[in-house]
Amino acid sequence: PGKIAGLLSGFSKGLKTIFALEKPVLFFIYSAGIWFCYMLSGYCLLQSLPVTAHMGFGSSISLLIFAAVGIAIPLPAGAGVWGAISFGLQAVYALSAKDAETFGIFNLAYQNLFSIIVGGICYLLMMIEIRKMKTT
């Protein structure tokens, strides 16, 4: 009972901080937008390979669930997410092990490449803004 009460207390405090924000509705709208973009990204990724192109938007929700499970697996460099997605695709959608692993590796490579490219762009933009601030 002590751990559950502590967990509920922490959850309650977290909710209170959300409603203490200056614009809590905007927080929920942005959060929903972020999750929608995650699902859209998963859908686009599913459509990019012939072996998963038959899967619909609902399958992208499954990908989010598989990835969430994979994040809990303590493996380096996203390997837990790759494994969970591969296993989930095999178990739920009856993909062959080879096709599921191909998609999992493709997903991992895509995510890492996207992070490097967008992270690099953001870093450059941040450097530009810092230089602007220093000159003014």
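**Exercise 1. Find the handedness of the crossing of H2 and H5, then describe the contact.**

Step 1. The crossing of H2 and H5 is right-handed. A crossing is right-handed if the near helix is turned clockwise from the far one by less than a right angle, and left-handed if anticlockwise. Helices here are DSSP runs (H or I, at least four residues), numbered from the N terminus.

Step 2. Note the source. This is a predicted model, where local features need pLDDT of at least 70, side-chain atom pairs count only at pLDDT 80 or more, and totals for chains, interfaces and linings use all residues. Residues are numbered from 1 along each chain as its sequence is written, and side-chain values use heavy atoms, with hydrogens and water left out.

Step 3. Take the geometry. Two packed helices are described by the angle between their axes and the distance between the axes. Axes are lines fitted to C-alpha atoms, for helices over the stretch in contact, and angles run from 0 to 180 degrees between N-to-C directions. The axes of H2 (residues 24–48) and H5 (residues 97–135) come within 11 Å. They cross at roughly 130 degrees. That makes H2 oblique to H5. The cut-offs are under 35 degrees for roughly parallel, over 145 for roughly antiparallel, 65 to 115 for roughly perpendicular, and oblique for the rest.

Step 4. List the contact (heavy atoms within 4.5 Å). H2 gives Ser41, Leu45, Leu46 and Ser48. H5 gives Phe103, Phe106, Asn107 and Tyr110.

Step 5. Sort these residues by class. Five are nonpolar, three are polar and none is charged. Ala, Val, Leu, Ile, Met, Phe, Trp, Tyr, Cys and Pro count as nonpolar, Asp, Glu, Lys and Arg as charged, and the others, Gly among them, as polar.

**Exercise 2. Describe how H2 passes H3.**

Step 1. The axes of H2 and H3 (residues 57–72) come within 8 Å and cross at roughly 110 degrees. H2 is therefore roughly perpendicular to H3.

Step 2. The crossing is right-handed.

Step 3. On H2, the contact uses Trp35, Phe36, Tyr38, Met39, Leu40, Gly42, Tyr43 and Leu46. On H3, the partners are Phe57, Ser59, Ser60, Ile61, Leu63 and Leu64.

Step 4. The classes are 11 nonpolar, three polar and no charged residues.

**Exercise 3. State the span of H2 and name its buried residues.**

Step 1. H2 has 25 residues and reaches 36 Å from first C-alpha to last. This is close to the 36 Å expected at 1.5 Å a residue. The expected span is 1.5 Å times one less than the number of residues.

Step 2. The buried residues of H2 are Pro24, Met39, Gly42, Leu45 and Leu46. Buried means under 20% relative accessible area, exposed over 50%, and partly exposed in between (1.4 Å probe, protein chains only).

Step 3. These buried residues pack against H1 (2–19), H3 and H5.

Step 4. H1 has 18 residues and reaches 26 Å, close to the 26 Å expected. H1 is hardly covered, with one buried residue among its 18.

Note on methods: Helices (H or I, at least four residues) and strands (E, at least two) are DSSP runs, numbered from the N terminus.
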